[in-house]
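Keep the viewer open while you read.

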Amino acid sequence: MSAESIKYNHCTYNLQSWAKQKGLNPVPIEKADGIYMWDFDGNRYTDMSSQLVNLNVGHGNRAIIDAIKEQAEKYCYLSPSYGSEPRGELAKMIIGLTPDNMGKVFFTNGGADANENAVKIARMYTGRQKVFSRYRSYHGSTYGAGNLTGEPRRYPLEPGAPGFVKFFDPYIYREKIRFATEEEASEYYVAKLREQVIYEGADNVAAIVMETITGSNGVIIPPKGYLKGVRAICNEFGIMMICDEVMAGFGRTGKMFAFENFNVKPDIVSFAKGVTCGYVQLGGVVVSKKIAEFFDDHLLSCGLTYSGHPLACAAGVACLNFYKEANILENVNKSGAVLGECLEELKCKHESVGDVRYIGLFSAIELVRDRETREPLVPYGKDPEGKMVKLIGMLKAKGFMTYSHENMILISPPLIITPEQVREEMAKVDEVLDEADKMIK
């Protein structure tokens, strides 16, 4: 099929997510390999967002492709009630990667339904109804996950379902209070959260749900002591601590799971994206041994036709093996250090850069109109002059493919990227930020 036919079909028959449908101009991709993609004219693009922060091992991973083929020759699908080799093997591998308090895995189709089922499990286990989540969060766009979400993508679901309570992120850069240390900030945010839990009736709260590191809403990294403080609140009131690792899990931060950076053990972990790196859709919920034992004698009222799909689980087994065999965590820390250096250089050089945040290969550049007031380059939830659209378009023209959210440029390349490739690509960002500097003058 020609590039023109692909583009025509896409725009004529397809509803593209998170976009006004008029005027779409998708890039038809002919082939992809590693961190690169090529269009039909031979132009090369670098995937600097790992697609939707899910293609951790890049395009064309032979081990995963071969595993899918091998499983397809045996059988492509079995109902969740049948014993399936890849399903059981992947669950065993995931439990082996999580803390020693974890017990079993419930597989889903992706991140949104992983979060929905995590909430259902917490409610069934505790017998409580209320669920806390943060304003600057994205947990999915299905009805339950959308109510869990805090940012504007929840608006079409409102007034929404009862029982979902929002609280504020430890977003130090945007906080009006100037804290002397990260620990002081954590003490403040944890104290306010504890107060809110009490006001909502602690005995009614089933779970506190957090993206361990807030993803598309700015790669907001929790300050020292924050997650331990939330863990203490959960322990005090018998609340389930749910870490959404859909985006941050499976090596993105330099640890297999992001919560490992903060020395905490959740009760429930949701995952997706990096477990198969998008080669086949898969998500899941890891629950503690105590929760798993509860469902020995209580009905687990969760079910999906494609729970633990054999092709997806075969891809997952191959993917997790590849992480280990290719020393992916080592590469993330090595290339991530270079990414951090590049980001700090950009912050020093460009007046439009208010803050840079990064951990492993998970990063965001926050653009501002004024460094002193920290006024965002575009208003929250709006881009009336198309400033961010223009900047992302300029990066695209240079072959640097990523996306923006609010006043942030997200940079989260595949975990196989080399330090040399990081520097080559970040030089393009440097050039485009010259235009961002002009926007504030």
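Arg154 is buried, with a relative accessible area of 17%; buried means under 20% relative accessible area, exposed over 50%, and partly exposed in between, with a 1.4 Å probe and protein chains only. You'll find Arg154 in the loop between helix H6 (143-148) and S6. Helices (H or I, at least four residues) and strands (E, at least two) are DSSP runs, numbered from the N terminus. Leaving aside neighbours within four places in sequence, Arg154 is in contact with Tyr135, Gly146, Thr149 and Lys166, where contact means heavy atoms within 4.5 Å. Arg154 and Gly201 are 47 residues apart in sequence, and 24 Å separate their C-alpha atoms in space.

A word on the ground rules: this is a predicted model, so local features need pLDDT of at least 70, side-chain atom pairs count only at pLDDT 80 or more, and totals for chains, interfaces and linings use all residues. Residues are numbered from 1 along each chain as its sequence is written, and side-chain values use heavy atoms, with hydrogens and water left out.

Lys387 belongs to helix H12 (residues 387-397). Not counting residues up to four places away in sequence, Lys387 touches Arg369, Leu377, Val378 and Met439.

Now for strand S12 (residues 362-370). Seven of its nine residues are buried, so S12 is largely enclosed by the rest of the structure. Its pairings are listed below; two strands pair if DSSP finds at least two bridges between them.

| Partner of S12 | Sense | Bridges | Example of a facing pair |
|---|---|---|---|
| S11 (residues 353-359) | antiparallel | six | Val353 and Leu367 |
| S16 (residues 408-411) | antiparallel | four | Ala364 and Leu410 |
| S13 (residues 375-376) | antiparallel | two | Val368 and Pro376 |

S11 and S12 make a hairpin with two residues between them, and Gly360 in the turn has a positive phi of about 60 degrees. The hairpin of S12 and S13 has four residues between the strands, and there Arg374 takes a positive phi near 65 degrees.

Next, the seven-stranded sheet. This open sheet has the order S4-S10-S9-S8-S7-S5-S6, with mixed pairing. Its edge strands are S4 (102-108) and S6 (164-167), each pairing on one side only. On average, neighbouring strands of this sheet are turned by 20 degrees against each other, direction ignored. S4 pairs with S10 (residues 283-288) in the antiparallel sense over six bridges, and Val105 has Val286 in S10 as its bridge partner. Helix H4 (residues 85-97) lies across S4, S9 (268-271) and S10, running at about 135 degrees to S4. Axes here are lines fitted to C-alpha atoms, for helices over the stretch in contact, and angles run from 0 to 180 degrees between N-to-C directions.

What about the greasy parts? A nonpolar core is a set of buried Ala, Val, Leu, Ile, Met, Phe, Trp, Tyr and Cys residues joined through side-chain atoms within 4.5 Å. The largest one has 105 residues, and those with the most contacts inside it are Val197, Ile208, Tyr323 and Ile365. Helix H10 (residues 310-325) gives the most to this core, with nine residues. Apart from it lies another core of 21 residues, among them Val131, Ala207, Val285 and Val287. Back at Val197, its contacts beyond four places in sequence are Phe132, Ala202, Val205, Ile208, Ile233, Phe237 and Ile239.

Finally, the rings. Rings of Phe, Tyr and Trp (its six-membered ring) pair if their centres lie within 6.5 Å; planes under 30 degrees apart count as stacked, over 60 as edge-to-face and the rest as tilted. That rule gives 16 aromatic pairs. In one of them, Phe250 and Tyr323 have ring centres 6.5 Å apart and planes at 15 degrees, so the pair is stacked. This pair links distant parts of the chain, 73 residues apart: Phe250 is in the loop between S8 (240-244) and S9, and Tyr323 is in helix H10. Both Phe250 and Tyr323 are buried. Ring pairs also link Phe107, Phe250, Phe257, Phe259, Phe271 and Tyr323 into a cluster.

Two arginines sit over rings as well: Arg44 lies over the face of Tyr36, at 3.9 Å from the ring centre, and Arg153 lies over the face of Trp18, at 5.1 Å from the ring centre. The criterion is NZ of Lys or CZ of Arg within 6 Å of the ring centre and within 35 degrees of the ring normal.
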